Structures are given as C-alpha cells and as structure tokens.
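The following report concerns a single protein chain. Please consult the sequence and the structure shown below while reading.

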Amino acid sequence: MEFTFERYGALLDELTSAGYAFTGYERSLADGEAILRHDVDWSPEKACRMAEIEADRGVTATYFVLVTSPFYNVHFGEIRDCLHRIESLGHTVALHFSTHQYWDAEPPGEELRRRVDEEQSVLGTVTREMGDAVAFHIPPSWTLDRSFDGITSAYEPRFFSEIAYRADSGQRWRDEHPFDGGIPDRLQLLTHPGLWGETDASFEARLREQEGQRFDATREFLASEFLGEGSA
Ligand SMILES: [Zn+2]
C-alpha cells in the first residue's frame, strides 16, 4: 500500500465497514473492538492531520507523544495547539516514553515508574485530560509482552500478544497488507503519522522531509525572535 493520507482513510473505511468499535486502553478489548494507536515520533502536525481524517469518520484514537524528543517540544505554542486540536476532535493524548533517554538495560521497577510519572506530569500540563496508558518508544525487549506495577502499557499481553497487533514500522505495509490474514476479532493498530503524507514517499524520504521541516521551523524561529527588526 502507499503511505498517503488518502490510503490511511481507506484503511479506516475497511475497519469501520468490518464493524469495529474503537476504544482505548481503559480495559481489555471485547471481540469486535479495535484500538487505533499513533506513536508521534517526528510530526505532531501530521498527527493532527490524521486526527482529522479519523474524526471525519467518527473514529477515535490514542496519540502517544514524546516529551524527550529533539524534534518537537510539547510546550511550544504551535505543538501545544496541535495537541489541543487532537483532543478537541475526540481523541486521547498520552505519553510516548523513551527508556533510551535513561537506561541501557532494565531499571528497577520503581525507577521506571518515577520517570514515567515525571514525564506524565509534564505532558499533563498541556493536555486537557491525558490518557493513562504509556507506549514505549522503540521498545527494548524487556518492555514487551509484560505488565508493570502502576503503569498501563500498550505492550501488555492483553493489548499485544493476546490480540492482533499490527504496526506500520519501517513502512512494512508497503509490501504486505496488515489484514492479509483476514480481519482479526480484536486489534491494536499502530501507525506513525510521520511515515504518511499527502503524496506517497519512502521511509527514507519521509525522514528527510521531517528533517527539512524541523530545520525550517528552527530557522524561522531564530529569524523572528533574534534576527528580526527590533530584536534586542
Ligand atoms: Zn516511537
């Protein structure tokens, strides 16, 4: 499949016509329920666009955002507006947590909880009602298919190994459709908004595109705040 917003919309249409009800991480899924998950690694702007495509179809999703990304800052006005827009369209914003910022190997459970709590309090200040669930970014194997005390993880068995889990990582759906084996009873579908666009582009081209946009935004920021007339 092509990685265009139009194709993403068509994928949603396949799911809605299969009769799925869309839900979150509040409880285990029943048959016929699906969770739409987005890991926002690079582009809150594209996340916003996907949120609109979903809202047009009356579908809700959970958007996991980083507070440790060098690409975007959730407190920056435009990004904050994006997150508010996503929430106002009926979706949930929750924490995308990068263990890689803190540890090379599994930390004591208490330390993990403390860091997750800290980052959730940061994100909680810019969301209206932050979702409780946490999705680990580039998940190390010690985070997969297990539960943690005091944390609702998107990789818990009930959301991961006990149901169908399909992810667009590395644009792998380019050659294989996520529902080639038939539409599953219960589903968590993960997409990364940054991999999609108005027109199709390869994984590598998308990353370059993100890089270019961030450079431009940084350049504009420097120009308007420090190089403009009247700056002191
Ligand atoms: Zn990620």
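Val134 touches Ala94, Leu95, Phe97, Val116, Ile151, Thr152, Ser153 and Ala154, leaving aside residues up to four places away in sequence; residues are in contact if their C-beta atoms, placed from the backbone, lie within 7 Å. The model is predicted: local features need pLDDT of at least 70, side-chain atom pairs count only at pLDDT 80 or more, and totals for chains, interfaces and linings use all residues. Numbering starts from 1 along each chain as its sequence is written.

Val134 is also one of the residues that touch the most other members of the largest nonpolar core, which has 44 residues; the others are Ala47, Tyr63, Val65 and Ile86. Such a core is a set of buried Ala, Val, Leu, Ile, Met, Phe, Trp, Tyr and Cys residues joined through C-beta atoms within 7 Å, where buried requires 20 or more other C-beta atoms within 10 Å of the residue's own.

Helices H1 (residues 5-17) and H2 (residues 44-56) pack at about 40 degrees, their axes 10 Å apart; axes are lines fitted to C-alpha atoms over the stretch in contact, and angles run from 0 to 180 degrees between N-to-C directions. Phe5, Tyr8, Gly9 and Leu12 of H1 meet Arg49, Met50, Ile53 and Glu54 of H2.

Overall, the chain has 5 helices and 8 strands, and 33% of its 232 residues count as buried.

Terms used. Helix = DSSP H or I, 4+ residues; strand = E, 2+ residues; numbered from the N terminus. Contact = placed C-beta atoms within 7 Å. Buried ≥ 20, exposed ≤ 12 C-beta atoms within 10 Å, placed from the backbone.
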